[in-house]
Amino acid sequence: MVKHIVLYTLKPGVQKEEAVKLIASCLEPLVGQIPGLLHLEIRQAYNGMDYALYSEFESRQALSGYAVHPLHLAAKEKFFHLLDTRVAADYEV
């Protein structure tokens, strides 16, 4: 299993709570629709970052497939313009 963690900041002026709700509504329903995506959650963060994405995948290949999957790319189009910075880490368990 691969765990994928991403921390984001939003662009200045973006309303954090509403943006996090939008992003969660776009990405969380992808579980069960994209092969190998086992779990995904979005939560508002604090201490320097605006929100965190935590997800679990069956394998590295599943994570790679998720990154380019048409459903994921379509979901990103709805909120990508709100994002400023991103820091990611992946690890296997």
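Guide: We begin with Phe57, which counts as buried because its relative accessibility is 0%. Keep in mind that this is a predicted model.

Visitor: With which residue does Phe57 form an aromatic pair, and what are the distance and the angle?

Guide: In general, a pair of aromatic rings is described by the distance of the centres and the angle of the planes. Here Phe57 pairs with Tyr66; the centres are 5.1 Å apart and the planes make 55°, a tilted arrangement. Tyr66 is buried too, with a relative accessible area of 3%.

Visitor: How many aromatic pairs does a search of the whole structure find?

Guide: The search finds two. One of them joins Tyr8 and Tyr51, whose ring centres lie 4.5 Å apart with planes at 10°, so this pair is stacked. The cut-off behind that word is an angle under 30 degrees.

Visitor: Which parts of the chain does the pair of Tyr8 and Tyr51 tie together?

Guide: Tyr8 belongs to strand E1 (residues 2-10) and Tyr51 to strand E3 (residues 51-57), so the pair links parts that are 43 residues apart in sequence.

Visitor: Are Tyr8 and Tyr51 buried or exposed?

Guide: Buried means under 20% relative accessible area. Tyr8 has 9% and is therefore buried. Tyr51, at 1%, is buried as well.

Visitor: What share of the residues of the chain counts as buried?

Guide: Of the 93 residues, 39% do. The accessible surface of the chain is about 5500 Å², and carbon and sulfur atoms account for 55% of that area.

Visitor: Which residues make the nonpolar surface patch?

Guide: Met1, Leu38, Tyr91 and Val93 make it, and the patch covers about 370 Å². Leu38 sits in strand E2 (residues 37-44). Its relative accessible area is 38%, so Leu38 is partly exposed.

Visitor: In what order do the elements of the chain run?

Guide: There are three helices and four strands. Read from the N terminus, the order is β-α-β-β-α-α-β.

Visitor: Among contacts between residues at least 6 apart in sequence, what share joins residues at least 24 apart?

Guide: That share is 71% in this chain.

Visitor: How does the radius of gyration of the chain relate to that of a compact globule?

Guide: For 93 residues a compact globule would have a radius of gyration near 12 Å, and the 13 Å of the chain agrees with this. Along the principal axes, the C-alpha atoms fill a box of roughly 35 × 25 × 15 Å.

Terms used. Residues numbered from 1 in each chain as written. Predicted model: local features only at pLDDT ≥ 70, side-chain atom pairs only at ≥ 80, totals over all residues. Heavy atoms only, no water. Patch = residues over 30% accessible without salt bridge, like charges linked within 9 Å, V, L, I, M, F, W, Y side chains within 5 Å. Areas by Shrake-Rupley, 256 points an atom, 1.4 Å probe, with all protein chains shown as cover. Salt bridge = Lys/Arg side-chain N within 4 Å of Asp/Glu carboxyl O. Helix = DSSP H or I, 4+ residues; strand = E, 2+ residues; numbered from the N terminus. Buried < 20%, exposed > 50% of the residue type's maximum accessible area, 1.4 Å probe, protein only. Rg over C-alpha atoms; globule rule 2.2 N^0.38 Å. Contact = heavy atoms within 4.5 Å. Phe/Tyr/Trp six-rings, centres within 6.5 Å; stacked < 30°, edge-to-face > 60°.
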